[in-house]
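Subject: Handover of a protein structure

Dear colleague,

Please find below the structure that I am handing over to you. I would ask you to keep it open while you read the notes that come after it.

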Amino acid sequence: MKISVNLLRKIIDFDWPVDKVVERLTMSGSEVEAIENKGSDIEGILAAKVIEVSKIEGSDKLTCCTVFDGKEKIDVVCGAPNVAKDQVVLFAPVGSKIPGMTLKKAKIGGKESFGMILSEAELQLSDNADEIAVLDDSIKPGKSLEGIVEYKDTILELEITPNRPDCLSHIGIAREVQALGGGKLRMPDINLNEIDKPASEAVKIVIDDPDGCPRYTGRVTRNVKIAPSPLWLKMMVYYLGMRPINNVVDITNYVMLELGHPLHAFDFDLFKKPQVLVRNAFEGEKFITLDEVERTLNSNHLLITDSVSGVAIAGIMGGEHSEVSEKTSHILLESAYFDPVTIRRGSKALGLATESSRRFERGADPDMAPVANDRACKLISEIAGGEILKGIVDTYPKPFMPVEIDLKPENVNHLLGTDLSPDTMCDILNGLNINTENRNGLKAVQPSFRPDLVREVDLSEEIARIYGFDNIPTVFRPGGTLGAEETKMERITGQVRSYLTGAGGTEIFSLTLVDSLLTKRLGLLESSVTVMNPLSEEMAVVRPGMLLSMLPVIRRNINFKEKDLFLYEIGDIYLLSDKEELPPQQNCLAIALTGNESPVFWGSAQRKSDFHTIKGLLENLADYLKLGKINLRPEDYFAFEKSRSFEVYIGDINIGYLGSVSDGCLSTADIKDKVHFVEIDMCKMVDLIPESITAKELDRFPSADRDIAVVIDENIKAEDIRTEIIDSSKGLATDVLIFDLYRGKNIPDNKKSLAFGIKYRLPDRTLTDDEVDDVHGRIAEALKSKFGAELRS
């Protein structure tokens with residue numbers, strides 16, 4: 001969702017700088033993902049009047065124009081087809097700036113040009129690059145662009161969670177700012193100048209399916225003049241991510257972005273009957289949508305008709321045969337409330353998602369339907385010159401019934417670990433326009449724009465996020481009736497977090513619901529648990545492994561130029577079961593590395609994280625937890641490179657897998673950097689960690705150190721060699737460390753050289769050289785006998 005700070009300031013008075021708005025919204029749950037400054041690279045643009053236009057000889061397109069900028073006449077070459085005498089245009093004189101360019105004198109088509117007559121696209125005010133921008137005749141030459149339109153703006157791109165449809169609008173975000181202490185929200189002006197003719201005589205509304213369409217409002221406006229929108233409207237619609245079309249359509253989009261309620265304008269003259277009938281589509285019924293695609297509907301689709309044929313697929317897209325065009329003069333403006341499940345089912349069946357369906361399927365505000373209709377009609381009458389018929393036709397067979405919620409302050413404080421007064425809680429909720437009274441406990445009434453608020457705990461969450469999660473004191477153990485002895489799992493989990501954070505890791509907390517498309521592309525969809533009625537395709541699968549939720553986090557950080565990552569997460573995965581029961585959950589630890597091992601430091605060279613980095617990290621963690629020795633056994637895993645894919649064992653128990661993510665898997669997730677990953681079953685790992693540790697006396701006698709280098713077949717594992725060294729030493733080899741791997745000159749093909757350092761020691765005396773030589777020789781013979789190893793000198 002894109003939010004214009006300029007538009008936000010028109011709805012609510014606040015003096016916060018943009019960075020504070022970003023911080024407060026993000027901390028309260030409406031995360032700001034991106035910030036875009038508009039118009040900062042535009043300077044010196046003026047209104048100018050075209051006083052003469054003449055063709056340039058030898059050119060089909062170029063014209064030589066003389067413009068008056070309020071002070072002087074200036075010659076300029078223009079290639080736009082719509083330039084004409086007496087137009088008021090946007091002009092960039094020599095020395096002015098537009099995005100990507102500072103204007104200089106130029107010679108074009110043999111003529112000197114002292115500036116540029118601009119299109120809206122050249123100023124990035126809209127996508128119209130084919131024609132120059134023509135302003136209203138009332139604008140005087142010499143007026144600056146700043147005085148014509150408020151083009152300098154900051155656009156915030158917010159990640160809105162599926163349960164917050166109210167925040168898919170400027171009004172919704174203004175309500176959040178109000179609750180956070182930013183000012184007082186004010187609704188836009190909707191006072192209408194209506195003519196005497198009643199709208200109820202012009203149109204009738206009948207709803208055959210009140211479950212699918214609980215409310216439908218319509219207004220009729222006649223004698224409308226369809227034309228391009230004024231510059232401010234085109235600019236705002238374009239800034240907020242939509243394409244300007246014409247004044248009426250742009251107004252409906254603008255009001256949707258402003259108030260959050262989708263609208264649709266019909267050419268009322270194209271209706272076969274002056275009646276709206278909302279019904280279910282017939283099985284196999286054909287309908288051509290605005291994008292000129294013929295679609296086949298089923299009985300689950302809700303269809304808006306003129307009582308003869310369809311004119312729109314309810315809540316999704318209008319029809320080609322009733323769209324507003326240059327010939328339109330009479331408008332029927334629809335503002336309705338449709339059932340979220342009905343719209344989502346219809347949208348998915350068609351594979352057609354729109355800004356409208358996105359809002360309806362999350363839950364629009366039924367009480368906003370008439371307000372949005374009035375607001376749009378007011379703008380249509382002001383911009384398109386329409387006459388609004390008296391009254392709104394409002395058919396409302398299933399009125400919204402708000403839930404009344406009893407809220408006990410002591411329950412809220414106990415849940416949050418706070419000590420807030422009832423009055424403070426009441427003020428927070430009222431700041432969110434949740435009507436709340438403090439009488440023998442708090443009594444709250446669910447607002448129509450918040451379908452997610454139905455329980456006491458829902459209001460507790462609202463109080464927590466507006467009060468500020470950072471203001472809630474940290475408590476490591478619950479008190480009161482929630483108090484319980486710390487379990488082994490809790491203790492070990494805390495130790496894992498402590499170690500990994502201390503080692504430089506960042507803990508993430510991702511959703512257990514993951515993208516169905518990514519899951520399908522990785523070949524896991526058939527073996528994964530899916531959600532029956534998902535809120536979105538990005539949350540349609542319950543993750544079968546931690547990698548599926550880790551990869552999008554990695555991609556997002558890399559896209560934000562954070563490439564040196566050490567991320568970890570402790571959470572649940574869900575496994576598909578053949579039995580008719582809830583899917584088994586498995587608590588797992590996941591670690592992922594990308595980029596450099598350590599931050600940039602002038603005193604040392606950078607080293608890229610690799611397979612050995614994550615292997616060493618896991619081994620160090622195992623040592624810290626007293627888990628035992630980590631053994632890796634080669635095993636193919638769908639996401640790993642074949643040569644870097646291992647199962648992780650402690651003894652004979654498989655506790656997870658480790659490897660380097662394959663290029664194919666990374667490409668599927670749109671990641672170009674190498675990723676190294678490990679996933680560990682926390683329950684198995686915790687069971688293997690001893691409850692207590694024992695200490696032993698330090699060695700009293702020195703060790704005898706020897707090295708051995710052997711040439712072996714490429715497919716023999718270093719761990720097998722190490723194990724044989726220890727077994728053949730009969731207890732004398734107390735430590736065996738590999739310190740060299742070599743392939744190349746003097747080493748045959750399909751062979752490799754491994755070098756080990758061995759410490760020999762007895763607990764009760766010092767070994768003699770002869771004893772060490774004897775055991776060292778036995779080891780060499782054992783390696784030759786078992787592996788065909790040859791000593792390398």
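This is a predicted model: local features need pLDDT of at least 70, side-chain atom pairs count only at pLDDT 80 or more; totals for chains, interfaces and linings use all residues.

Domains

The protein chain is divided into domain 1 (2–39 + 154–179), domain 2 (46–148), domain 3 (194–395), domain 4 (406–471), domain 5 (488–688) and domain 6 (704–791). Between the C-alpha centres of domain 2 and domain 6 the distance is 83 Å.

Helix 7 and helix 8

Helix 7 (residues 340–350) packs with helix 8 (residues 355–362) at an angle of about 140°, and their axes are 7 Å apart. An angle over 145 degrees would count as roughly antiparallel, and the angle of about 140° therefore makes helix 7 oblique to helix 8. Their crossing is left-handed. On the side of helix 7 the contact involves P340, I343, R344 and S347, which meet S357, F360 and E361 of helix 8. Sorted by class, this contact has three nonpolar, two polar and two charged residues.

Helix 10 and helix 12

The axes of helix 10 (residues 409–416) and helix 12 (residues 456–467) come within 10 Å, crossing at roughly 60°. This crossing of helix 10 past helix 12 is right-handed. Which residues of the two helices meet? From helix 10 they are N411, V412, L415 and L416, and from helix 12 they are E456, V457, S460, I463 and A464. By class, six nonpolar, two polar and one charged residues make up the contact.

Helix 19 and helix 20

Helix 19 (residues 718–728) and helix 20 (residues 769–787) have axes 9 Å apart and pack at an angle of about 135°. The two are therefore oblique to each other, and helix 19 passes helix 20 in a right-handed crossing. Helix 19 contributes D720, I721, E724, I725 and S728 to the contact, while helix 20 contributes V775, R778, I779, A782, L783, K786 and F787. In terms of class, the contact holds seven nonpolar, one polar and four charged residues.

Aromatic pairs

How many aromatic pairs does a search of the whole structure find? The search finds twelve. One of them is formed by W232 and Y254: the ring centres are 5.5 Å apart and the planes stand at 85°, so the pair is edge-to-face. Because W232 belongs to helix 5 (residues 231–239) and Y254 to helix 6 (residues 247–259), the pair ties together parts that are 22 residues apart in sequence.

Yours sincerely,
A colleague

Technical notes:
Residues are numbered from 1 along each chain as its sequence is written. Side-chain values use heavy atoms; hydrogens and water are left out. Domain bounds come from an automatic or database domain assignment. Axes are lines fitted to C-alpha atoms, for helices over the stretch in contact, and angles run from 0 to 180 degrees between N-to-C directions. Helices (H or I, at least four residues) and strands (E, at least two) are DSSP runs, numbered from the N terminus. Angles under 35 degrees count as roughly parallel, over 145 as roughly antiparallel, 65 to 115 as roughly perpendicular and the rest as oblique. A crossing is left-handed if the near helix is turned anticlockwise from the far one by less than a right angle, and right-handed if clockwise. Contact means heavy atoms within 4.5 Å. Ala, Val, Leu, Ile, Met, Phe, Trp, Tyr, Cys and Pro count as nonpolar, Asp, Glu, Lys and Arg as charged, and the others, Gly among them, as polar. Rings of Phe, Tyr and Trp (its six-membered ring) pair if their centres lie within 6.5 Å; planes under 30 degrees apart count as stacked, over 60 as edge-to-face and the rest as tilted.
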